[in-house]
Amino acid sequence: MHKEAEIREPLILGDKSYKQITDDVVAPVFGKANTQWWIAFGISAVIALWGIGCILYTIGTGIGVWGLNTTVGWAWDITNFVWWVGIGHAGTLISAVLLLLRQKWRMAINRSAEAMTIFAVMMAGLFPLMHMGRIWNAHWIMMPVALFKNNFGSLWVNFNSPLLWDVFAISTYFSVSLVFWYIGLIPDFATIRDRAVKPLQKKIYSILSFGWTGNAKAWIRFEEVSLVLAGLATPLVFSVHSIVSMDFATSVIPGWHTTIFPPYFVAGAIFSGFAMVQTLLLIVRKVLHLEDYITVKHSEYMNIVIVITGSMVGTAYLSELFIAWYSGVEYESYAFLNRARGPYWWAYLAMMSCNVISPLLFFSKKLRTNLWFSFILSIVVNIGMWFERFVIIMSTARDYLPSNWDYFHPTFVDIGIFIGTIGIFFCLFLLYARTFPVLALNELKSILKSSGNNYKAGTAPDPFKHNQSALAATSGLGKNDDLTKIEGIGPKIAQLLIADGIASFAALSSADVDTIKAVLEKAGKRYQMHDPTTWPRQAKLALEGKWEQLENLQDELKGGKH
């Protein structure tokens with residue numbers, strides 16, 4: 001295993017074993033929800049119900065209940081759409097890029113980032129559907145209307161429109177992200193399946209785990225598929241958010257048609273995405289009591305990325321101002337002066353304060369490692385990124401004809417739908433945290449020996465130490481059973497099992513498969529190729545003296561290998 005520098009702080013705190021990691025991470029799935037979870041879910045549910053009510057009112061009455069007017073055709077709803085898309089697109093990117101770069105601190109944030117993508121894109125999709133007015137005709141976007149009977153003859157969507165590109169780009173990205181997220185969950189579903197006692201729960205997780213056995217071939221394929229999907233998802237993020245930026249950049253509105261929009265939007269998406277992941281992780285850390293796995297160091301690493309991406313966004317703001325001045329086009333110059341000094345000056349001030357100035361506070365290590373400050377500032381950053389989208393859309397409502405200029409006033413329905421989607425998002429995430437493991441068990445265990453607190457402190461037990469009785473057991477002498485009679489166990493593995501307290505057929509027959517796997521993981525990758533799922537069954541037959549049945553079973557196992 002790769003040797004890690006001693007000065008690096010541990011990423012897993014406490015005197016943890018492999019079994020304890022499994023117990024801690026799956027505890028929310030089997031245990032009852034605590035008071036903190038119910039409080040968070042209750043608040044989110046009330047907000048969500050308010051939003052659902054506003055959505056139903058909009059569908060039943062029409063989008064005239066929104067604050068849209070002749071000039072400001074793209075208003076609150078498109079602002080929210082781009083904001084949610086930015087948050088969603090960053091989640092899978094964060095997980096995929098950190099996987100490709102082999103960053104160990106990814107282990108605590110990847111699962112939440114991937115889930116954030118799924119739920120955020122779902123929230124983003126609501127706004128274009130409602131903006132259509134007739135949501136029941138949404139299928140017209142995905143296929144030629146010529147396939148349906150209508151009063152207008154053959155009608156095709158406009159494939160030259162970036163708005164249609166959005167539909168295909170976002171749906172493709174959503175599909176890849178969903179598969180990437182689900183594939184990573186399969187081994188953990190199998191762990192829950194093996195631990196479940198209730199028949200219905202066991203059945204559900206058996207279906208979700210797709211018959212996962214945990215053998216060497218399955219793990220090899222799992223890692224290969226994860227890398228392929230990560231490699232596929234990474235460029236998709238850049239292409240998708242570039243296409244979202246083209247909704248604006250391909251227009252002729254002053255302040256929009258600029259080539260800086262694609263990289264500018266991608267940087268903003270990563271910026272807001274890391275901020276939202278920070279918010280979610282700090283909530284999960286407190287509500288599910290995962291302080292030993294989501295540490296201050298994880299929060300600090302994310303804050304560093306927020307500083308970097310925030311600086312990139314700030315550079316983009318300054319580049320826009322320079323380009324507007326250097327172009328010599330009075331309409332462009334006026335568009336940016338209007339942002340800072342026009343009727344929406346307060347939104348521009350909020351954008352600059354939240355996105356450019358506030359992240360600079362993280363240059364202070366004291367503030368960067370303060371969890372309460374990190375939580376508050378992560379919310380501030382997302383507020384700033386919402387105002388960025390609002391400024392881009394609202395301030396450019398002043399186009400070439402002053403007679404068309406108007407001011408946007410959101411209605412209670414506008415505000416209710418947006419706040420409601422935040423409530424729905426957090427409801428979905430909290431329900432997910434109660435039914436699925438929010439941390440990847442296999443990945444956490446893979447870094448325990450290099451980044452665990454007890455291993456760094458030098459207090460972890462050495463799995464290779466064994467006494468004379470262990471040696472005697474592996475040669476068939478002494479009071480212990482000869483574990484090498486079990487198919488798949490050789491002298492070295494027998495020594496490891498005995499050192500971990502599994503020294504007899506009785507102990508092996510009642511041992512949890514995860515416990516046996518943990519012993520093999522301690523031994524290194526060479527011994528992880530073994531499949532211990534049949535060992536307890538073999539040990540039970542040996543314990544009962546059913547040697548003929550044991551030999552038949554072992555012959556079947558040997559035949560299965562070939």
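**Reading the features**

Analyst: A polar atom in the side chain of Ser-44 lies 2.9 Å from the backbone oxygen of Ala-40. A polar contact is a pair of N or O atoms within 3.5 Å; within protein, one must be able to donate a hydrogen and the other to accept it, and residues adjacent in sequence count only if both atoms are side-chain atoms. This is a predicted model, in which local features need pLDDT of at least 70 and side-chain atom pairs count only at pLDDT 80 or more, while totals for chains, interfaces and linings use all residues. Residues are numbered from 1 along each chain as its sequence is written, and side-chain values use heavy atoms, with hydrogens and water left out.

User: In which helix is Ser-44 placed, and is Ser-44 buried or exposed?

Analyst: Helices (H or I, at least four residues) are DSSP runs, numbered from the N terminus. Ser-44 has its place in helix H2, residues 35–61. Buried means under 20% relative accessible area, exposed over 50%, and partly exposed in between (1.4 Å probe, protein chains only). With a relative accessible area of 8%, Ser-44 is buried.

User: Which parts does the pair of Arg-339 and Glu-320 tie together?

Analyst: The side chains of Arg-339 and Glu-320 meet in a salt bridge of 3.7 Å, N to O. Arg-339 belongs to helix H10 (residues 330–341) and Glu-320 to helix H9, so the pair ties together parts 19 residues apart in sequence. Arg-339 is buried, with a relative accessible area of 4%, and Glu-320 is buried as well, with 5%.

User: Which residues do salt bridges with shared partners join into one network?

Analyst: A further salt bridge brings together the side chains of Arg-389 and Glu-388 (3.7 Å, N to O). Arg-389 and Glu-388 are both buried. As for the network, salt bridges that share partners join Lys-297, Glu-300, Lys-365 and Arg-368.

User: What makes a surface patch, and which residues form the negative one?

Analyst: Patches are made of residues with over 30% relative accessible area and no salt bridge; like charges are joined within 9 Å, and nonpolar side chains (Val, Leu, Ile, Met, Phe, Trp, Tyr) within 5 Å. Lys and Arg count as positive and Asp and Glu as negative, while His and the chain ends are not counted. The place of a charge is taken as NZ of Lys, CZ of Arg, CG of Asp or CD of Glu. The negative surface patch consists of Glu-548, Glu-551, Asp-555 and Glu-556. Glu-548 lies in helix H23, residues 547–561, and is exposed at a relative accessible area of 63%.

User: Which residues make the nonpolar surface patch?

Analyst: Leu-49, Ile-52, Leu-56, Ile-59 and Trp-136 make a nonpolar surface patch of about 510 Å². Accessible areas come from the Shrake-Rupley method with a 1.4 Å probe; for residues, only the protein chains shown count as cover. Ile-52 is found in helix H2 and counts as partly exposed, at 37% relative accessibility.

User: What separation is computed between the C-alpha atoms of Phe-222 and Gly-184?

Analyst: Phe-222 and Gly-184 are 38 residues apart along the chain, and their C-alpha atoms are separated by 8.1 Å. Phe-222 lies in helix H7 (residues 216–249) and counts as buried at 9% relative accessibility. Leu-100 and Ser-226, 126 residues apart along the chain, have C-alpha atoms separated by 9.7 Å. Leu-100 is placed in helix H3, residues 76–100, and is partly exposed at 40% relative accessibility.

Note on methods: A salt bridge is a side-chain nitrogen of Lys or Arg within 4 Å of a carboxyl oxygen of Asp or Glu. Helices (H or I, at least four residues) and strands (E, at least two) are DSSP runs, numbered from the N terminus.
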